[in-house]
Amino acid sequence: MKFDAAAPTAPPAAPPARLQALRWRARLALRDPATLAAVALSLVFAWLIVAPVVSMLAEAVRVQFPDARRIGADPGSFTTYYVERALISRVADPLFWTPLRNTLAVALAGMALALALGGVLAWLLARSDMGGRRWFASALIVPYILPGWTFALAWTTLFKNRSTGGHQGWFEGLGFSPPDWLAYGGLPIAIVMGLHYAPFVILLVGGALRNMDAQLEEQARVLGATQAQAARRIALPLMRPALVSAAILVFAECIGDFGVPYVLGLPVNFDVLSTSLYRSVGSRQTGMAAVIAAAILLLGAASLAIDLWLLREARRFAVIGAKGAIDRPAGLGAWRWPAAGLAGAVVAAGVAIPLGVLTLSTLMRAPGNFAASNFTLDYWIGSGLDTVGLPQGLLISGEFWAAAWNTLRIVGTAALLAGLLGLMVGHAATRTPVRWLGGFLRQVTFLPYLVPGVAFAFAYLTLFAVPRGPIPALYGTTLLLVLALVADQMPFASRAGISAMMQLGRAPEEAAQVLGAGFWSRMRRIVLPIQRRALFTAVLLPFISGAKNLTLFALLAVPGLDVLTTFSLRLVDYNYLQAANGVVLTIALISFAGALLGQRLLGVDLAAGLGR
């Protein structure tokens, strides 16, 4: 007999225990509805946030169809033509380097003014016995609620001269002709930005001052230091992280600001990166616009990255003090009411004068003429006006009401979606057992905060202006505006949702699950009722921000889909300043109403704790 001499087949090797554990964890995680929701939301926001940014960056190194013959390459192929044109060509200086220098100059100057005003006022509100602290704590926040270009239009109404044509300004009507450097350009842009962002500094620095133990300064006073020395050598070093953070955030906001440079810079060809991007998009220079947008993105992201690094470094240090902190305001003595006068001057410059000037300008036929016969209601309710594009007053103009309806419809829908998605992001990020998935969801929804608004709007334009697979071209549709606004507001909505869900334990949901309630039933009957306050906040804040948003809509809205912000911008282009100022007042009224609604219904007060 013959036997097969082949060796017996060895049994298959068992998979490593670590791989088995990973598979088991994956199967277990995928059974969790929170994980499935996190996966779905991650895919949605990768499409809404990451894909537009990647598409924008790709346009900077891709041959555009109009330039294919000039470059000598096929459309869509790789090229460095646009980068070289922006950085080292003969036209690089007017196209890129001059706008970049102007951007950095006005951003740094605006940041310095905001920091000087905001830092001093924050200390007066939080740590002194300045007269009227309680009232000023609310009044000084109002400039941040108003659209930034409210101040720009008020400045134009006051200081405009005939060098750019059109109506004269108030001062010119009174016999004083402001020089160009005061009427337009870098100086007024920096002043307006500083006034607008000073309340932002007050909120950040004031909160830090409020949490600092006043005993530290008092102990320095006991040891013989003066009030000024205690503030300079004790309070200022402790506030350095908050001051630096406020400065960087204001700088990043100024870089991406579009409305103020548009109103005060374009009449004299004072270009910054945001207005240069707008010009490039308007002239269909997509490749150059992509390079400029990438530069804006790089500046904004670098600024915020530095801020995050500094905050991480600041957490390594702590102040060791007594068990109970006290908050005893410093006595200003004879300077108590002069300090109140300073705060009053800032309120006048940031609120009373701009709103008063805009309101009076809508009632004047000729700017700067205060005779009784010059006042009229024609720009509100008149008909047969001697203007080509707007023959009727605002309140009886179909275009105005169409823009108002579009604002409420588009911004309201986007705010509601942002609020609901923010709460769902909070639930998924805090409930999924897959930590890296929750971390990715937190980071991807925060990404729009790193991208200045004008660059984010252009990113949406590059992705959705043409068909992409099964997705049709969305440019010129309401859907594009809603999607862009939802993505733009997700940093605020998601943080509100995450903060709310971190304070809600799992017990109510687990009890409902034991009783047989499904995922959507638990969300509808447990989570939403408990978190209705957080949901309302997550809807209200995006609505206020969206109603006054000009940067996003300026690039994405078309004339048939005008919202109030773009309608006012079009009126400025036509030099119909009275009507444009009326539209801006309407936007300010909507912003005030939203802030007041939040304060009344939710008890939310931005200035809470700054003045007592």
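Asp-378 is partly exposed, with a relative accessible area of 31% (buried means under 20%, exposed over 50%, and partly exposed in between, with a 1.4 Å probe and protein chains only). Its side chain meets that of Arg-365 in a salt bridge, at 4.0 Å from N to O (a side-chain nitrogen of Lys or Arg within 4 Å of a carboxyl oxygen of Asp or Glu). Asp-378 lies in helix 18 and Arg-365 in the loop between helix 17 (336-361) and helix 18, so the pair ties together parts that are 13 residues apart in sequence. Helices are DSSP runs of H or I with at least four residues, strands are runs of E with at least two, and both are numbered from the N terminus.

This is a predicted model, in which local features need pLDDT of at least 70 and side-chain atom pairs count only at pLDDT 80 or more, while totals for chains, interfaces and linings use all residues. Residues are numbered from 1 along each chain as its sequence is written, and side-chain values use heavy atoms, with hydrogens and water left out.

**Salt bridges**

- Seven salt bridges are found in a search of the whole structure.
- Arg-365, the partner of Asp-378, counts as partly exposed at 40% relative accessibility.
- Arg-101 and Asp-93 form a salt bridge in which the closest N and O atoms are 2.9 Å apart. Arg-101 is partly exposed at 46% relative accessibility, and Asp-93 is partly exposed at 35%.
- Arg-70 and Asp-67 are joined through their side chains by a salt bridge of 3.7 Å, N to O. Arg-70 is exposed, at 56% relative accessibility, whereas Asp-67 is buried, with a relative accessible area of 13%.
- A network of salt bridges links Glu-399, Asp-562 and Arg-570.

**Nonpolar surface patch**

- Leu-377, Ile-381, Leu-395, Ile-396 and Trp-401 make a nonpolar surface patch of about 490 Å².
- Patches are made of residues with over 30% relative accessible area and no salt bridge; like charges are joined within 9 Å, and nonpolar side chains (Val, Leu, Ile, Met, Phe, Trp, Tyr) within 5 Å.
- Accessible areas come from the Shrake-Rupley method with a 1.4 Å probe, and for residues only the protein chains shown count as cover.
- Ile-381, one of the patch residues, belongs to helix 18 (residues 378-381). Ile-381 is partly exposed, at 49% relative accessibility.

**Helix packing**

- Helix 8 (residues 148-159) packs with helix 11 (residues 186-210) at an angle of about 135°, and their axes are 9 Å apart. Axes are lines fitted to C-alpha atoms, for helices over the stretch in contact, and angles run from 0 to 180 degrees between N-to-C directions.
- Helix 8 and helix 11 are therefore oblique to each other (angles under 35 degrees count as roughly parallel, over 145 as roughly antiparallel, 65 to 115 as roughly perpendicular and the rest as oblique).

**Positive phi in loops**

- Asn-269 has a phi near 55°, a positive value in a residue other than glycine. Asn-269 sits in the loop between helix 14 (259-265) and helix 15 (273-282) and is exposed, with a relative accessible area of 59%.
- Asn-575 has a phi near 70°, also positive in a residue other than glycine. The loop between helix 27 (564-573) and helix 28 (577-602) holds Asn-575, which is partly exposed at 24% relative accessible area.
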